[in-house]
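Subject: Structure handover and findings

Hello,

Here is the structure we discussed. Please open it next to this email; my notes follow below.

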Amino acid sequence: MTMCIEEVVDNYADHIYRAAYAYLGDTHEAEDVVSDVLMKYFSVCEELDIDTAEHLKAWLLRTAINRCKDIRKAFRWKRTSALEDVHKTEFGWTEAELDVKRAVNKLPEKYRAIVYLYYYEEYKTEEIARILSLPKGTVVSRLKRARDRLRDVLSDYREE
Amino acid sequence: MSAIKNMYGKTKLSEDKKAELKAALGERFPRYADSMEDKTEVIGMNDNKVYENGGRIMVRSKWRTGAVIAAAAVVAVMGGMKLARDQYIERSHMTPASHEEDNSTTDSEDSVKEYSQKEGYIADVDKSTLSATKTIYNSACEALADIKALDYELVLGEEKMITSEMVKQSQESEITHEDGKCSVLEFAATISKYSEGCDLDISQYDYAVDFMFDENGKKVVQINYVYIYLDAEHKTFYSYPPYGSQGGIIENGIAKQFKYDSSCAKKLYEEAEEAIKYYNENGERFAIDSLNMTAVEHEYLYMTDDHVREDIEENDKMRFAQALMNEGSMTMQLRKDSNNFVIKFTHDSKGNVNGVEKVYVQVFKDEADENGEHKNERFVYPDENKMNEMTVTIPDVAGKDPDEASEELVSLGLHTELYEMFSDTVPKGTVISTEPAAGADSEFGRYVTINISQGPLGQKIIFPDVRGKNVNEAVSELESLGFSTTIESINSGIYPKGTVADTDPEGEDESECAYERGKNVTLYVSTGKFVVPKEETEGEKSVNVQ
């Protein structure tokens, strides 16, 4: 299956961007990841044996997350809280959503990709295991731990 | 958790960036820049296009050939791979995943039921239906997790399902709660609650949530399938997970978990012997010592999963596994239930497999006993008294490449998990040790941690996570480790006033947070407020130094 640039960008760029953003928490780096992943896709797409849109999406997400891991390894991240305001104006998040984002960002990053794939992309744990090349049990336990942490944080907010 | 969905939903690449990206890609890959409108017609595999063209859907007709698995269908498409199917059709001792209405589709003398065989199952649907099915599935899983956490008993009615009707009804009627129990309507209401906030309105669909019960058919253990009916008479439907992929069996109209007993090892033994017979008759020889679930799993993925195939290199073990993977076979049942097995072979004088020496089956239990331990069941055939033969001695893999070490352990029937740590003596990127250590005995299917060196620790020390600690405590803890500290304030609703809300660098993933001693650590101390004042717009920082 080969799609034209227009279609791939329109259909998948946001997904790749979200996955990268979920993992890295940095808009600029996430933009770079989108570009890297799509460059890679078009340079190898004819050799890839991808025949459905679902597979293509999984391939792109997997490649994106692998790229994020590389970036993460390459240098240490300096996260500043000032970034939050930038995100708020960029994405139009409400206060409540910003709280959710802070909560998700507080998770160790190995959980973030899983949270993103499970709650946003609605992949099943087996599929996540395949995308991230992790044992299924690891995905399940990380998801559970992430869920427990988020539940604590998110329920605190509801009380306010 | 729909809050997470909403939050990420807004994370989008700006239109400008997209245009920039398209231009850059178009420049570099001009041949993909044209509109593919005409080409998609030919390719016909592009979901979006296909469905826009009037929702063309494929109804999978009943396969007449008998026990053909979905994997085989894929392989048939791929072509060129030999599969030993027909030999084993008549030999199936158990009932695979199927549905009560399925009874009419099977002959009485032929106990074989077929994969994805339920009449009317449609394997491909449009994106929104797919997404709705997943949303319902996830909501139902969340609802079930809640019940399990509260230790409530789910009381299902006659139909043993939750239907969209019930969900609608739950929104209109008042729900009474009986202690320790969860009624159908209560469960339906919880599903509805969890599905709210998703972009998709599930109420426009006609669906049913099917459960899987424990071996005794009493307690609900998991969500089996979510069906979405595609017509008013319920003649065609789509399911998530894909129909036939769950490991349950149907008895008295409900899906139960497969009950493993000592006969499962015997069945596997017979399947392995059949496979050897088949290969010998066809002149194929295998010089392998043993076979385990890893090979079957790899072979299955190799046959069915396009995007992992590139990472898998097919070997003899995987090729042998092909003959075991018949629908309804014990091998497939074990695979669907994520259990483990090892088959040990006997060999002729040339080293080729000529028989089965012993079969070990390991069944993993979801439920923990009162001590929180997950007890696994083990079955051996033929010599059932020698359970201890399931042990393997862990080889010495120190100094090897992690991938190589992992492969070696996996080939013994062990699972591996990689862990990075610092070492002054072992070079970076090589295995330091394993847990359990080399020479120790372990069992098939156990996890072995492989410790990989990240190189010497040097001056770097692992940075502790001090978030949530009182600022004075955090300062003294960090200073005792040799760091200097700077304190700044931050608005954080997560941590109470006066505690550390964030640090720079941050300490969370211990293996990655080595930081040079003597460096400065900035501690952001919570003000206890989490609302960022409205006047503070971009340009101003949310870090409020007070």
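Which residues of strand 6 (residues 237-240) of chain B are buried, and on which sides? B:Phe237 and B:Ser239 are buried on one side, B:Tyr238 and B:Tyr240 on the other. Both faces of strand 6 of chain B are therefore covered, where buried means 20 or more other C-beta atoms within 10 Å of the residue's own, exposed means 12 or fewer, partly exposed is in between, and C-beta atoms are placed from the backbone.

Ground rules. This is a predicted model, in which local features need pLDDT of at least 70, side-chain atom pairs count only at pLDDT 80 or more, and totals for chains, interfaces and linings use all residues. Residues are numbered from 1 along each chain as its sequence is written, while chains are lettered from A and ligands numbered from 1 in the order in which they are written.

Chain overview

Chain A has eight helices and zero strands. Helices (H or I, at least four residues) and strands (E, at least two) are DSSP runs, numbered from the N terminus. Chain A has 160 residues, and 44% of them are buried. Contacts at least 6 apart in sequence were also sorted by separation: in chain A, 63% of them join residues at least 24 apart. A contact means C-beta atoms, placed from the backbone, within 7 Å.

Chain B has 15 helices and 22 strands. Of its 546 residues, 35% are buried. Among chain B contacts with a separation of 6 or more, 68% are between residues 24 or more positions apart.

Cores

The largest nonpolar core has 59 residues. Such a core is a set of buried Ala, Val, Leu, Ile, Met, Phe, Trp, Tyr and Cys residues joined through C-beta atoms within 7 Å. A:Ile16, A:Ala19, A:Ala20, A:Val34 and A:Ala64 have the most contacts inside it. Helix 1 (residues 5-24) of chain A gives the most to this core, with 13 residues. Domain 1 (1-78) and domain 2 (83-160) of chain A both contribute, so the core lies between them. The domain bounds come from an automatic or database domain assignment. Leaving out residues up to four places away in sequence, A:Ala20 touches A:Ala30, A:Val33, A:Val34, A:Ala64 and A:Cys68. A second, separate core has 38 residues, including B:Ala265, B:Ala295, B:Met332 and B:Phe379.

Where the chains meet

Helix 1 of chain A also packs against chain B. The axes of this helix and helix 2 (residues 15-28) of chain B come within 10 Å and cross at roughly 140°. Axes are lines fitted to C-alpha atoms, for helices over the stretch in contact, and angles run from 0 to 180 degrees between N-to-C directions. A:Ile5, A:Glu6, A:Val9 and A:Ala13 meet B:Lys18, B:Leu21, B:Lys22, B:Leu25 and B:Gly26 there.

Sheets in chain B

Back to strand 6 of chain B. Strand 5 (residues 220-229) of chain B pairs with strand 6 in the antiparallel sense over four bridges; pairing takes at least two DSSP bridges between two strands. B:Val226 has B:Tyr240 as its bridge partner.

An open sheet of four strands has the order 9-10-11-12, with antiparallel pairing. Strand 9 (290-292) and strand 12 (377-381) of chain B are its edge strands, each pairing on one side only. Neighbouring strands of this sheet are turned by 15° on average, direction ignored. Three bridges join strand 9 to strand 10 (residues 340-347) of chain B, and B:Ser290 stands opposite B:Lys344. Helix 10 (residues 293-304) of chain B packs on the sheet, touching strand 9 and strand 10. Helix 9 (residues 263-281) of chain B lies across strand 10, strand 11 (353-363) and strand 12, at about 150° to strand 11.

An open sheet of three strands has the order 14-17-15 in chain B, with mixed pairing. Strand 14 (415-421) and strand 15 (431-435) of chain B each have a single partner strand, so one side of each has no neighbour in the sheet. Four bridges join strand 15 to strand 17 (residues 447-453) of chain B, running antiparallel. B:Val431 is bridged to B:Ile452. Helix 14 (residues 402-411) of chain B lies across strand 14, strand 15 and strand 17, at about 165° to strand 17.

Best regards

Definitions and conventions: Two residues are in contact if their C-beta atoms, placed from the backbone, lie within 7 Å.
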